[in-house]
Amino acid sequence: MSMTQGHIEKLRSQLTGTVLQAGNAGYAQSLTIDNGRINLQPGAVAMCANAQDVATAYKFAVEHEVPFTVRGGGHSAAGYCLNQGGLVINLSSMTGKRLDADRQICWAQTGNRWHDIYIYLQNSNTGFIPIGGGCPTVGIPGFMLGGGLSFVSRSYGLSVDNLVSIDIVTPDGVLRKISADSKSKEEQDLWWACRGGGGGNFGIAVAFELRVHKPKTKTMLVGQLRYPAESAQEVYGFYNEWIQTVPHELAVYGFMGKVALPAHPDTMVNSIGLTPIFNGDPREGMELIAPILKFPNIFIDLYNMTLPDFEIFNGLLTNVGGKQAYIRSGFMPPKAFTAPAITTLTEAMASAPSPDSLLVWTHMGGKIEDVSSKDTAFWHRKAHFLWEVKSIWANDDQFQQNVAWGYALGEAMKPHDVGAYVNYIDPLLSNWKQEYYGDNQARLMQVKKQWDPKGNFTFQQSVDSTFEPAPNNFSPLFRTFVD
C-alpha cells in the first residue's frame, strides 16, 4: 500500500516533530548520508522529536503497509537507512544527553553523533570519554548495535561492552528499556542480540545509557606515521610481530592511501601508515612506539591531545563527503599481516582507479577478547585486526571500475580473513550471515523470529533475509529491500 497525502497529513498531526516531503525545506538535508552514491527518495521523512514520535511513525508504517527505514547518523555503508518511496524515520533531532558523573553513565538519545557526545563530555570538565567512534560524524545507534570498535577498545572493550541499557521501540510498537537486569528471558535475548546483531533488525533504539571512563592521563600520545608504499613489507612485517607484544593501553591502527608530500603539498604519493594511540603517560608511550619510528618515513606527526580532540581531528580523514563510495571489510586473526597479505593489499592499493580510495584497519585484541564470542551477538572477539577499504570516486561514469576494484580487493583478502563487520555492511558479500555473525547467527534468527514474527524489520541484509548476491551483479548496491 502506498501513502496517500491524507495518510501523511494524519501522521503530521500526530507527531511532535515534523513530516517532510519532496519540495519541503529540509527534505534533501534529511536524506544526506556519507555516501553520494546513494540517491533514494522516500515519500516522506518523519523528523521525530522524541521516543513517542518514533513509536507513532513506526506504527503508522506498519498500519499502512509502507516500507520504512530508520536514519540515525547517516553513515550506513550501503545506504540502508534510506528507501525509495516509503517512510524514513529520522532520529537526527533527538539529541538529548545527561551525564550521571557519580555513576559514570551518560544517557544519550540516538540522534546524537559521536561528535556531539565528545563535545558534551568535554564541556562537562569531568575528563570522561565514551567508547565511541573514530569518525566523529558517525551516529551512535548503528555504531553501537553492530558492536562498536573504538581507539580505546583495547583498554575498555567494545562499545556494547560499555552499554548499560537501551530504550527501544520493539516490533510490537512498545517502548521498552532493556538491560542486563531485564527480568524476562525474551528481553534478555533481545539485550544479547542488540549488542552486535546490527542496526535495523530488532526495533528502533531511541536512547542508550553508556558507561564512560576516565583515561589514565588527561591527554594521550597519538599520531599519524606515513611511510613510502615500497616499505610495506619491511614496516608491516615488523609490525606483524611487534604488535603482539604491546600492552592493552596501546593501539596502533593502519592506513594505506595517497598523502601529500610535506614540502610539496600538491604532490600526492602512495603511502602506508600507522596510527598509534596510547592511553597513558606520553613518555611511556614514546618508549613503546620507538621501534616503529626507526623506519624511513614521509612524515611522523605526534601529538599530546585529548582522545575526543584526536577523534575529531583524525576521523574526518576517512569521510566520503559528497563523493561516491563502496565499502568492504575483513576481520583478521593475530599475525595475519604475512608477506602474501601485505602484497595483496599493496598491489591492490597501487592499482586503485581513484586517488581518493583508501584502506584503514583497526587494531583489536586486549579487553575485546575478555568477553566470550557467545556472551554478546558480536562474534569476532578473537580477531586482532579489522581492515576496511573505501573505494571512493567522484562521477557516475566511474562507478563500474571502482566497485569492481573494491570488490576484487575483498575477494583477494578472503584467505587472510575470518569474517566481515556488519557495520561496514556490504550488499555484494557472499555468505554474509556467516561472515558477520559466525556461530551466533542461529541464535540471532531465533531472537528475530521471537520479536519480529511478521518481518516488519526485514530488509536486504536483515538477519532473517534469504538474499544472496549473484556474482558480477551490482544491482544490490542500489536498493534497501529485495525486489
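**The largest pocket and its lining**

Tutor: Happy to! Strand β11 contributes four residues to the lining of the largest pocket, the most of any element (helices, H or I, at least four residues, and strands, E, at least two, are DSSP runs numbered from the N terminus). The model is predicted, so local features need pLDDT of at least 70 and side-chain atom pairs 80 or more, while totals for chains, interfaces and linings use all residues. Residues count from 1 along each chain as its sequence is written, and side-chain values use heavy atoms, without hydrogens or water.

In all, 20 residues line this pocket, and F255, K258, V259, L317 and L358 lie nearest its centre. (A pocket is an open set of points on a 1 Å grid over the protein atoms alone, where a 1.4 Å probe fits, with protein on both sides within 12 Å along at least five of seven lines; lining residues have an atom within 4 Å of a point.) Besides β11 (250-261), β10 (220-228) and β13 (299-305) each supply at least two lining residues. By type, the lining holds eleven nonpolar, four polar and five charged residues (Ala, Val, Leu, Ile, Met, Phe, Trp, Tyr, Cys and Pro are nonpolar, Asp, Glu, Lys and Arg charged, the others, Gly among them, polar). The pocket's volume is about 380 Å³, the space filled by probe spheres set on points joined across faces, edges and corners.

For comparison, the second largest pocket has about 230 Å³. Its 14 lining residues include Q122, G127, F128, K218 and T306, the closest to its centre. Helices α4 (114-123) and α10 (307-315) each give at least two residues there, and that lining divides into six nonpolar, six polar and two charged.
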